[in-house]
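Work through the exercises below with the structure open beside the text. Each task is followed by a solution in steps.

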Amino acid sequence: MPKSFLYVFFIWLVATSLEAQQFAVSGYVYDHATGETLIGVRVQDSLSGKSTVTNTYGFYTITLPSGACLLRFTYLGFANLTKPLRLGGNVSLSVRLGEDENLLQQVVISASGSRAQEHVKTTEMGKLSVPMELLKRTPVLFGENDLIKAIQLMPGVKRGGEGTVGMFVRGGGSDENLILLDEAPVYNVGHALGFLSVFNTNAIKHVELYKGAFPAQYGGRLSSILDVRMREGNDQRLHAQGSIGNIASNLSIEGPIVKEKGSFIISGRRSYLDRLVDWLTPSKFPYYFYDLNAKLNYKTSEQDRFFLSSYFGRDVLAANAVDSSGLNTGIDTRIGNYTVSARWNHIYPGQKIFHNVTLVRSQFRYNIAGEAFGNNILIRSAIDDYAAKADFDYRPSSRTTIKMGAALTHHIFRPNLISVQGDISDFLKARKSKAILNQEFAAYVGVDNIVNPRWRINFGLRLSGSTVERVFYSGYEPRLSARYQLNERHSLKIGYARMTQYLHLVASSSLALPTDLWYPVTKNVRPGASDQWSVGWFTYFGKNEAVQVSVELYSKKLYNMIEYREGARLLLNDNYEAELVRGTGDASGIEWMLQKNSGRWSGWIGYTLSWATRLFPDLNGGVPFYARYDRRHDFSIVANHDFTKRFGFSFAWVYSSGSPFTPIVSKYVMPFPNYSGVDLLAVYPLRNSYRLNASHRLDIDFMIKGRKRRHWQGEWHFGAYNFYNRTQPNRVSIVFDEKTGKEKYQERGLFGVIGSLSYNFKF
Amino acid sequence: MKTSSFGRFFILLAFLSLHTACNLSPEPLDIAIEEPPQRLVISSYWIPPQGAIFTFTRTFSALLGEDSIDLNDAYIVDRVLIDDALGIIRYNGTVDTLFKISPGVYGSLNTTQFLATDYVLELTDFKTQQTVRAVTRFLPKIPLDTLYPVQRILPNLGDTLFTFNFQFTDITGVENYYLATYTNINTLAENFALGGGLFNFNQIQFNVFSDKNNGDGMPIQYQPDFGGSAGDTLVVSLSNISKGYYEFLAAYKRSGNLLSQLTGEPVNLPTNVEGGYGYFALIRPSARTVILQ
C-alpha cells in the first residue's frame, strides 16, 4: 500500500511539473524604507490570474507561461508595485515595496482587498495573523504592548488568571502551545510572574498563531503553534526607536552592516520600578526584569542569505536582611531564557526550490537561592536544547507547492538540583540533578495543490519520534485541509490534523509559577496526542473588500493527557511520576471572527462558544469534568479609530463566562486514627462543577502623535486597563458576611483600574 | 534642566497611575454556592477486648465558619452531632445495639472479635431519617519485635527530632498495610475534648505504609521521623489495616498537609460508608509506651 501510494504520488508530481513552456519567477520582497523582508505579500500575474504569497522569509516563486506577464505586488500599508516581464527563461526578481503617503488610503484599500482574497482562497484554517501595527495599538496592562495578551483577545484563545500570559487554545492546556522565536522554542514566556510576556514588540516583525489544520511543517505540541519572527533591522540607514512606559522602557537600534546587503538590530528592555522605588522612597523593591534581542543578517548573493538571532532575558528577585542576631535572611531568584538561531536561506538554480537550514540553541533555567537562620538552600533547574532543521519549499508548477523537511532536537533536562547547608538538610536532602537526555526528531512532507478553480487541497504527513530511557516513541501525524470555493467571495474549508507531544509541564493547577518544570516522556508517561477536525466558512465583504469574516467549528480529541492525582504533592517532588494519572480530553466549539485591517476604523470582533472536558478514571470518581479553563462564551471587540493622522483612540472590551472551580461545600468532624484529637475534613463536589462569575472589562488607549520632524517622531499613549474597575477573577476567598452572619465565597481580583502613560519614539 | 523637569513629570504621572491602581481595588464579587444536603459520618475505634467506640456526626456547610464551630454550642451539637440514632453491628448472626455515651459518641462493650468475619454497621439518624451502612473485618494483630526512638538535635533551629525504629515480621501470603500512631499522653485529654475551636492544620501524627517493597513474610524495619520533645510520654502503636483504610488514611494525611492544601489538588477522602463519609474500621493495635529522651 505505501509503495503504490508513493508510485501514484511520483506520477502526479512529474505530471504537475511538466506543464509546457513554464518558467519560474522568484525572489524576495523587501520594505523599501527598512530593507526588512515582507511576509505574506501577494504576488499575482494580472494576465494569467496566477498568484502566490511570500513565505516566512519573504521569498516567493511563481511559475508562469512563457511570454508577457504583469506581476503585481500588493501588501497592506504599502504602495502596489507592478512589474511587466517577458518570460523566456527563469527569472530572479527581488523588489522593494514603498509606503506612499499620497496613495496610502488607496493602496490600503487595494491591499486590503488582496488580503481578503487570500483569506478566502487558501486552505489555511485556524490561523490568526494580525499585523504588528494593530497589535501595538491594542491597549493592555501596565501600558506595555504585549503580544500574547493581544492574542488572548482572539477567538479560540482563553486567558489564564488576570493579567497573565497563559494561553489555553481550543480546550488545550497551557503546556500544549509551542512558542517559537525565530524557530527557537521559548519555554518560559512570562516576565514578572507571568504578567508580561518576554516578547519586546519593537523587536518583532510578524506573528502567526495556528490553532488547527496545522501544516505538516509544524508539530511538537497538541494545541497551538505561535510562530514569532524577529525583525531583521534597517539595511538603509541607522535608526532607533523605543518607548518609555509605566514600569519598563525599551530601546532598539538598527542599521545597515553593508547597505542593502546586511543589517543588524539590537533591542533591549528593562523594568525600573526597583530604581524608582529606591530613588523616591526609603523602601526597596526587590524585583526587576530585562531582556535583549539581537539579530544580524547578511546577503552574500541573490541566492544566499544568512541570519543570526538571539534572545536573552532574566527575571531577578533579590532581597536581603540581617536579623538582630546578625544572621542573614535572603532570597536570590534568577529565571530566564536564552535562544540563538543561525539560519541559511538558499535559492537553488531554476528558482523553484528554496531552503532554510537552521541551527538552534535554546536554554531555560532558574536558580533559587535562599538563606535563613544559618541554613542555605539552592534549587536549580535547566533545559538545554540543541536542534538542527532543514526546510525545503519546492514549487514544481503554478498550482503546486511542496514543503518538506526534517528536524532533530537534543534535549537535556536537569530538573530540581537541590543543594542544602545547615539543619535544613535533616528535612530536605540535597540531590544532584540527574540529567535526562532526550532526542526528538521529525520529518515531514506537505503538498498544496490547486486542483481546479473550486478545489484546493493541502495534505501532508509528519513522522515524529522521541527516545528516552531506552524507550522509543513514534508519532504518525497525517494532515489534511481542503477548500471549496463557492464563488469569488465565499469558500468552505475542512481540516484535520493529528499532533503528538513529547514533553509535558509539571505544574500545580492552583499555582502557575515560572518554576514549573518541563519533563520529557518517560517509560511510564507516554506522549500526548490529539486529533482535531475543523470546518469553516470564509468570506469578505464591505466597501473595498475590507471586512473579512470567518466561522469555524472544531472538534478535538486529546489522548494520554496527564493530570495530578487527588492530593498530589508537587513541590520539590523528585518522584513526580507517582503523582500523575492519565486520561483523555474532548474539546469542541465554534469561533466567529470579523476583522477589518484598514480604514479609519480597524480591529476585530471575536466570539467563541466552546466546551472542554476531561475524563480520567482515577479522578472525580471516573466522571467527566470540565477542564480548568472551560468557558462557555468568550467575546471580544478590539477597535482602533484614527480621528486624524495625529490622534487615535483604541479600546478592547472582553467578556468571558466564568471558569469552573471546585469549592469546599461541606465539612465534617473526624477523630484522628488513634482517637487522640479531632480534625475537620473537607467535602468537595464533583471537580470543576461550580462556576466563577462572568468577567468583563474595558481597556482604552489614546494616542497622540507628535508633529513629524526630520529626525524625531514621538507618540504619546494615555490609557487605562480595566477602565470601569470590574473585578477580574484571580483568586477565591471565604469571607465573613455581616448581613447573614455566615461566611461566603468571594471572587477577588488583583488589579483595579490601572492608568498607563507611555511615550514611543523613533529617530 | 528641561529634560530633568520632563523626567520628573513623567515619573510622577507613572506613579500616580500605579497609585490609582492600588487605591481603586474593585469590589469583590460574591459566588453563589448551594448548600448540599447533610450526610452522615462514621468513625470507629476498637477497645480491647470487646469494646468499641464510635462517633456519629453529620456534615455541615463549609460556610458555617471554622471559628464558630464550638462543639459545646447547642446549635452545633444539634446540627452536627447525632443525638438520636440507632446504631447496630451485625456479625456471625449476632446483633449488637450501640449505646449513647454523649451526643455524637456511641459505644459497644460486647463486640467479640472474629477473624475473616464481616462486621456490618448500620446507623439510622432519626432527625434526618437517613440510614447508612458500612462493612469491615478484623485483621490479624502484628507482634511488635522492637521499638525505640533515637533523638536528633537541630541546634540552629532549636528543635528536636526523633526517629522511631519499628521492627516486626510481615504477615505472609497477602499484601499488607500498616498504621503506626503516636499518642501523646500529656495532651490526649486536651485533644480529645470535643470542645473549643477546631482547625485543620494540626500535625497529624501517624504513618501508613505497606509491605510492597519488602519480601513476603520477611522482617520489616520502618524508621519514620517524629517531631516531639524530650520528656514526652507516647503510646506508640502498630496495626495491620485493610487496603481501603490505608487509602483513606493516606489521602487524609496528604490532605492535612498545609503545603498540600495550598498547592495540591482537591481531594475527597475515600469511604466505606455507603451514602455517607468517614471510615468504619476495627483494628487491633500492638502498643508500647515510650518516653522520649
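## Hairpins and an open sheet

**Exercise 1.** Find the partner of strand 2 in chain A, then follow that partner onward.

*Solution.* Strand 2 (residues 42-45) of chain A pairs with strand 5 (residues 67-74) of chain A in the antiparallel sense, over four bridges. Strands here are DSSP runs of E with at least two residues, helices are runs of H or I with at least four, and both are numbered from the N terminus. Two strands pair if DSSP finds at least two bridges between them. Within this pair, A:Val43 stands opposite A:Phe73. Next, strand 5 of chain A pairs with strand 6 (residues 81-87) of chain A, antiparallel, over seven bridges. There, A:Gly67 has A:Leu87 as its bridge partner. Strands 5 and 6 of chain A form a hairpin with six residues between them, and A:Gly77 in the turn has a positive phi of about 90°.

The model is predicted: local features need pLDDT of at least 70 and side-chain atom pairs count only at pLDDT 80 or more, while totals for chains, interfaces and linings use all residues. Residues are numbered from 1 along each chain as its sequence is written, and chains are lettered from A and ligands numbered from 1 in the order in which they are written.

**Exercise 2.** Trace the hairpins formed by strands 28, 29 and 30 of chain A.

*Solution.* Begin with strand 28 (residues 455-468) and strand 29 (residues 471-487) of chain A, which run antiparallel and are joined by 14 bridges. A:Val468 stands opposite A:Val471. Two residues lie between these strands in the hairpin, and A:Glu469 in the turn has a positive phi of about 50°. Then strand 29 of chain A pairs with strand 30 (residues 490-501) of chain A, antiparallel, over eight bridges. Here A:Arg479 stands opposite A:Ala497.

**Exercise 3.** Which strands stand at the edges of the five-stranded open sheet in chain B?

*Solution.* First write down the order, 7-8-3-2-19, with mixed pairing. Strand 7 (99-102) and strand 19 (277-279) of chain B each have a single partner strand, so one side of each is left without a neighbour in the sheet. Neighbouring strands of this sheet are turned by 25° against each other on average, direction ignored; the axes are lines fitted to C-alpha atoms, for helices over the stretch in contact, and angles run from 0 to 180 degrees between N-to-C directions. Finally, take one pair inside the sheet: strand 2 (residues 40-47) and strand 3 (residues 51-58) of chain B are antiparallel over eight bridges. B:Leu40 has B:Arg58 as its bridge partner.
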